[in-house]
Amino acid sequence: MAKSANLYARIEPEVKEQAESILDALGIPASNAITMFYKQIILQRGIPFEVKLPSARPLDVSTLTGEELDAELEKGYGDIAAGRTRSAKTVFEDIRREHGI
């Protein structure tokens with residue numbers, strides 16, 4: 001089928017630049033990536049990924065005071081002392097499994 005429809009969207013320049021840089025490295029033109037996204041919407045009958053707020057907000061250490069950072073570090077030390085740890089291998093295996101990587 002001939003490509004004859006146009007799509008115009010306004011996005012933040014930084015988002016566009018970062019995404020196009022990654023697509024360039026992959027050798028995928030932006031128009032092809034958008035076509036793939038639209039085809040996945042059709043196949044999935046919706047957005048092809050979860051759109052939700054995370055259950056726990058990631059900790060942004062740059063916003064913590066010195067005392068708050070110390071408290072977070074103490075929590076980590078407490079987990080280590082109590083044996084509440086997992087190997088990096090296990091963590092990465094879980095991430096790969098959960099995200100189908």
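Student: Is Asp 94 buried or exposed?
Tutor: This is a predicted model, where local features need pLDDT of at least 70, side-chain atom pairs count only at pLDDT 80 or more, and totals for chains, interfaces and linings use all residues. Residues are numbered from 1 along each chain as its sequence is written, and side-chain values use heavy atoms, without hydrogens and water. Buried means under 20% relative accessible area, exposed over 50%, partly exposed in between (1.4 Å probe, protein chains only). Asp 94 has 17% relative accessibility, so Asp 94 counts as buried.

Student: Which residues are linked with Asp 94 in a network of salt bridges?
Tutor: A salt bridge puts a side-chain nitrogen of Lys or Arg within 4 Å of a carboxyl oxygen of Asp or Glu. Asp 94 forms one with Arg 86, the closest N and O atoms being 2.2 Å apart. The network links Asp 94 with Arg 86 and Arg 97.

Student: Is Arg 86 buried or exposed?
Tutor: Its relative accessible area is 52%. Exposed means over 50%. Arg 86 is therefore exposed.

Student: What N to O distance is given for the salt bridge of Lys 75 and Glu 72?
Tutor: The two residues are three apart in helix H3, so about one helical turn separates them. Lys 75 is exposed at 51%, whereas Glu 72 is partly exposed at 30%. Their side chains meet at 3.0 Å.

Student: Which residue forms a salt bridge with Arg 84?
Tutor: Arg 84 is exposed, at 55% relative accessibility. The closest N and O atoms of the pair are 2.8 Å apart. The partner is Asp 79.

Key:
Helices (H or I, at least four residues) and strands (E, at least two) are DSSP runs, numbered from the N terminus.
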